[in-house]
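Please look over the chain shown below before reading on; the report moves from the whole chain to two of its residues.

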Amino acid sequence: MSAALPKPANPKGRSAQPPRWWRDWWRRQSPARQDRLALLAPLTAVMVFMAAIVSSFWYLRLEELEREQETVTREVEYAQQRLRLRLIEQQEQLMRLARDVANSEVGAEEFVAEAEVLIGRYPELQAVNWIDANRRVKAAYASSSVVASQLRSANETLKSQETLQTFASAQTLRQPVYSDPLTGASGKPMLQLQVPLTNQGRFTGVILAEYVVEGLMRFGVAPETKAKFAIALQDADGTWLAGSQAAQRPPAHPWLMWSYRTNDYSVPVTPVGGQLMLRGQAYRTSLSVVSSGLFWLVIALSTLTVWTLVGNWRHTRRRIQTQKALIKETNFRRAMENSMLTGMRALDLNGRITYVNPAFCQMTGWDEQELVGCDPPFPYWPDEDRNTLAARLEDELQGRSTQSGFQVRVKRKDGSVFDARMYVSPLIDPQGQQTGWMTSMTDITEPTRIRAELSASYERFTTVLEALDAAVSVAPLGSTELLFANRMYRLWFGTAATGHLQLLAQAGTQEVVPRDQGLSDVDDLAGLPLGPLMIGQSENAEVYVPELNKWLEVRSRYLNWVDGRLAQMVITTDITPRRHAEEQAAQQASRAYTSSRLITMGEMASSVAHELNQPLTAINNYCNGMVSRIKGQQISNDDLLVALEKTAKQAQRAGQIIQRIRSFVKRSEPNRSVADVADMVNEAVELADIELRRRHVRLSHYVAARLPKLRVDPILIEQVLINLLKNAAEAVDQAKRPASRRSVELRVVPRQNEVGDGVEFTVQDSGDGLSDEVKGRLFEAFYSTKADGMGIGLSLCRSIIESHQGRMNADNLYNGTEVIGCQFTFWLPLHVAQAPGAQTSVAAE
């Protein structure tokens, strides 16, 4: 029910009604709001009463704090006045002493005696020093409490920067000057007073008096003042120098009467000035008014009243909110249970089903009404598994089930069976008592099928690896453990990782260094970026294993093992037959190269015979002439010597031709060495020029200066050049060119292409060029355009160049659209790697 409308009191006993606007506003309020407004009326009265009490106490507290502040101010000013008078008294004594010293009435010994009297009278004085105009100590006396290291000796020069600044001020102002508080050698705050010495207006030095700030505090402030207040000396920045301080408290709020505000007052100490401040703080006393029992009684009763009224209102509101939250939570839990894909089943302590969720009913096909209240055996148990499931249920009720769950077979209502996994946990009520067992069930039919397929796939994969004719091994980096090895690896190297490591070492790939397994089981490369290793290409190498008497091709790459470790896989293939075939092919190629040279020289036999016939005919003529003239005694010794020299020169020429032919044709082992390009070109030109002169073809050649040397087989490169030059001469001869156009040009220049730096050889002729059909089959073996040709010359030339990792091609030369010749070009790199089988020895034929 809503609260009744409050009515104002009527002193005359007549029934008074509230104003109309009040009645209309009240009717527009909801019942709940009317209840809250009715509750707020007494609460407002109590709050007004409490506000009046608190205001009274707050006013009294402010009056107390103001009186305390006045007391602090008065006491601090009294202490400052007393300290000022003491400092002025000491300053006058020092000024009197300075006057006597300036007038030379007091010497060093009398000065020490006077200083001793002053220090004895004023204990806060630590030392009195006589300093001349050059800042040197002439005489000094210090208190007996000063350690020897702090004493100023005669003729000592002032070094402290603060002391020198005060000295300069006293010299300028010609009046006593106090320094800023500074730290002495003993670590205690000090204060210096320097009184200038003047003789007839001339500055002659100062009297330096050093005070201990702590002594000023002890002897300059009355003990009763220090007993009632925290009196301290501070510098201009507020840094504490001596005295006592009140305990630090949080800042007081001006409107909170229970927060204590520390009353303090600061005043500069004259005649020192603003650099030395005297501060007084009031110690905290009892709060008097606030500590009164009446105050706390009123506060307690008012608080209790307010708490009762507010508590009743909040309790009603909280109860309604709790009911709504409970309904919402119940609906949420019900919706969550109904939307779960995992079947839930609850059993009491006797094994009876007390709850099943919709997912459980959907899995089994049985309704909730059919399952709840059932005793074992349950309807979803397969007939053939009832004994096993009954024993499993008994283990559940006895609490002997495992946390990892167990796998069972479940029968649906239609008779079909599926695999499931169940997890059992105790069912605990809010009082902490076990009321049964909660079981969750998951359909694992699909995971079981996938697991079986994976197992079969693994078995097939293992069968394939075992049947390979290559050895496969996997080992982690930094370990001698062998993770996997197939049948061929075990047949060659056994079950240890020794063979794996040996193959990696021979192949020159990253070596696997064993690590100390006792230190850490963590991968040495854990945390490093291994992505580039995973996507990198495999590394290949060919090695010879003496223990197996085999040539093996080793391929390795990095991979992540199933446990996350970085491992290295090695696949080893037996390539012994291939190596033997390569060696035989190299031998056949060598024979083919030699045969090609012999064929070339056979084709050039007539030219060579003609070339040899000229020096032999000359020799014969020289010999016959010398014989005739000797018989007729018509020759002198000088003429005979000239004739013999010409005969020897022609014989030497014939010998050089035969030596070149013999060197070119001689069968020798392949020998790649650093060769000079110009020497190879000269040797080839000397031999080819015989054929070109026979065919009346002019040969011109150009070799660029400072060409780098090549690592090649010089004889094979000379063979290529001779073949190309001879073919060029034949092409020019077949084209029936006039004498002015019968020419062949050889150019050797450095050339750089996409592969790198190298040397380019170009042979140009002025023949008829190459047709499209011939260009397509130009380097094909046993294809020739000559009637008596065998078709192996250009094929061997290209093989020779490619074995040196070079390139060869042929193109026509054009003048507009007219073919004016042909150009053969081959390119050799500067650094050529040695081809396999290059060192295989070939027996000379």
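Residues are numbered from 1 along each chain as its sequence is written, and side-chain values use heavy atoms, with hydrogens and water left out.

**The chain as a whole**

The chain holds 21 helices and 27 strands, where helices (H or I, at least four residues) and strands (E, at least two) are DSSP runs numbered from the N terminus. Of its 845 residues, 38% count as buried, that is, under 20% relative accessible area, with exposed meaning over 50% and partly exposed in between (1.4 Å probe, protein chains only). Of the contacts (heavy atoms within 4.5 Å) between residues at least 6 apart in sequence, 59% join residues at least 24 apart.

**Confidence**

The average pLDDT, the predictor's confidence in each residue from 0 to 100, is 78 for the chain, and 78% of the residues score at least 70. The elements with the lowest and highest confidence are set out here.

| Element | Residues | Mean pLDDT |
|---|---|---|
| helix α14 (lowest) | 531–535 | 53 |
| strand β25 (highest) | 757–765 | 93 |

Over residues 511–522 the pLDDT is below 50, although this stretch has 19 contacts in the model beyond near neighbours in sequence. Residues 833–845 also stay under 50, with 23 contacts beyond four places in sequence. Where pLDDT is low, the predicted coordinates should not be read in detail.

**Two residues**

Asp132, in strand β1 (residues 125–132), is buried yet has no salt bridge, a term that requires a side-chain nitrogen of Lys or Arg within 4 Å of a carboxyl oxygen of Asp or Glu. The nearest side chain of opposite charge, that of Arg136, is 5.4 Å away, whereas the backbone nitrogen of Arg136 is reached by the side chain of Asp132 at 2.7 Å. A polar atom of the Asp132 side chain also lies 3.1 Å from the backbone nitrogen of Asn134.

Arg747, in strand β24 (residues 743–752), is partly exposed, with a relative accessible area of 34%. Its C-alpha atom is separated by 6.7 Å from that of Val763, 16 residues apart along the chain.

How values were computed:
This is a predicted model: local features need pLDDT of at least 70, side-chain atom pairs count only at pLDDT 80 or more; totals for chains, interfaces and linings use all residues. Lys and Arg count as positive and Asp and Glu as negative; His and the chain ends are not counted. A polar contact is a pair of N or O atoms within 3.5 Å; within protein, one must be able to donate a hydrogen and the other to accept it, and residues adjacent in sequence count only if both atoms are side-chain atoms.
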